[in-house]
Amino acid sequence: RDLTGGARIIGSLIDRGAHEASVSDQSTFLVTTAADNGNNSSPITGSLRAAIKAANASTQPFKINFAISGACPRIVSLAAPMLDIVRDVSIDGSTQPGWVGNSSYSVFDATLCLVVNGSGSTPYAFHVPSNASGARLTVNGMMFAGFTDAAIKLEGGADHRISGNQFGAVPFTSANNDAIRVTGNSGRAVIGGFDDTSAVNLIAGSSNAGVYLDNIDGGSVLGNNVIGFQVDGNGNGANGTGVFIFNSPGNSLQYNHIGNSLSNGVSISGAASSGTFMQYNVIGRTRNSAPAGNQGAGVGILFGARNSTIGAPLNSVFGGNQILNNVGPGVWISASGGAGNRVLVNQLASNGALDIDLASAGPSANQASNPASGPNQLQNYPQLSSAPRSGANNGTSTVSGSLHSAPSSAYRIDVYYALTCDDTAPGRGRADFFFGRSTVNTNAAGDASFSFNLTVPFTGLPLGVVAATATSASGDTSEIGNCIAE
């Protein structure tokens, strides 16, 4: 609302100032029937197909509203592929009587009254083609099921917004192949949102990927989506892969819940997939803290993907993800992965393999000469020698050890705490909790000895074990090193 109580936003433009103009720049169309004849030339009057045809003919931004009679849900079963969308079009399912928005994060309790059903024979519900450079698609408050390509496929245009929708987990319907795909020449998309619980998308049951990003411009933002769960945030709604990023740069994933995938929770692949940014996601756990592990890694980085930030930026301690309960590693920078992938300040626990794994599956030995050829340049881990804890309550731990790596270089050392060592790799540590960090500098021979004090992060933490990672100035994070008792 603006200062006089008026609704915001009116029209398609971003709000400016304390008062909203009462004049909208949008043309509108009211959908009054769920019927569809599949005829793009002569669609049924008042149908969704007729609305999109009118939108494509408009020279103004266009909004499609709904007033289909009858109780929720109203099902639009597409008789043929829908018209491509080539203009600035908003399709607002929240205008259908009976709609109620989602009220909290990590769950999907919305009442959505419109289902668009592809019945397992239609490629997509909404499609922006690659030659529609001026298109911008906004979709809100709808359910999608049964599409053989992607329920929403964005190949052109930019600044798309997909929020408050349910993909899959619709009773008596078939799966989508992909729920949302951003590909081709498309510019960025915002999928989900922030500071608005009604923007949460539920993305479940896709046979391939929940969200597939392979557009060459990248830059998409995924925020607060529930991926791989049923509407309660607990039941299994497995996608093939939760989020798949392929040769797409600069994408951001924040505050998403991702679980139950049949492969990786998140896969980042291809040398052009640079600068992926992942913070505050919960991967492999339900909203009620029950295990919901992905069948592969929590996060997999492969085929040259590089310069990812999984957790905190290099010089900070904010943004850690929870990556838990996965069948494979917590974060796996595979043998084909690129360099510069920072993995910092995450909680990595109860995974079926190493919490951070470089190269082939299983622990990698430190290299005699480092950096070396391989994922994250096979960055060596610190070799801890002692970490005695002193003082009552919180106390401090004095962490001592050594690092061998590149000559005359600075390294960030991150220390992690757990009750026990990693039972999947004898002698290695785990990252149940981030303990603290410091910086060390190697000498001309590439060696550094260190000893620094860290405050125990919270009161009452029992004595356990610690281990550490090293991260170079270029962002290469090591595996978690040897495990020693406090």
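**Pocket, cavity and cores**

Strand 4 hands over the largest share of the lining of the largest pocket, four residues. This is a predicted model, where local features need pLDDT of at least 70, side-chain atom pairs count only at pLDDT 80 or more, and totals for chains, interfaces and linings use all residues. Residues are numbered from 1 along each chain as its sequence is written, and side-chain values use heavy atoms, with hydrogens and water left out.

**Pocket**
- The largest pocket holds about 1,100 Å³ of space; a pocket is an open set of 1 Å grid points where a 1.4 Å probe fits, with protein on both sides within 12 Å along at least five of seven lines, and lining residues have an atom within 4 Å of a point.
- It's lined by 29 residues, and Ile9, Ser90, Thr138, Arg161 and Ser163 sit closest to its centre.
- Strand 4 (88–92), strand 7 (136–140) and strand 10 (160–163) each give two or more residues to that lining; strands are DSSP E runs of at least two residues, helices H or I runs of at least four.
- By class, the pocket lining has 10 nonpolar, 10 polar and nine charged residues.

**Cavity**
- About 60 Å³ of space lies in the largest cavity, and its lining includes Leu358, Asn366 and Glu479.

**Nonpolar cores**
- Among the 69 residues of the largest nonpolar core, Ile64, Phe126, Phe144 and Val299 touch the most other members; core residues are buried Ala, Val, Leu, Ile, Met, Phe, Trp, Tyr and Cys joined through side-chain atoms within 4.5 Å, with buried meaning under 20% relative accessible area (1.4 Å probe, protein chains only).
- Helix 1 (residues 48–57) gives the most to this core, five residues.

Notes:
Points joined across faces, edges and corners; volume = space filled by probe spheres on them. Nonpolar A, V, L, I, M, F, W, Y, C, P; charged D, E, K, R; others polar. Buried < 20%, exposed > 50% of the residue type's maximum accessible area, 1.4 Å probe, protein only.
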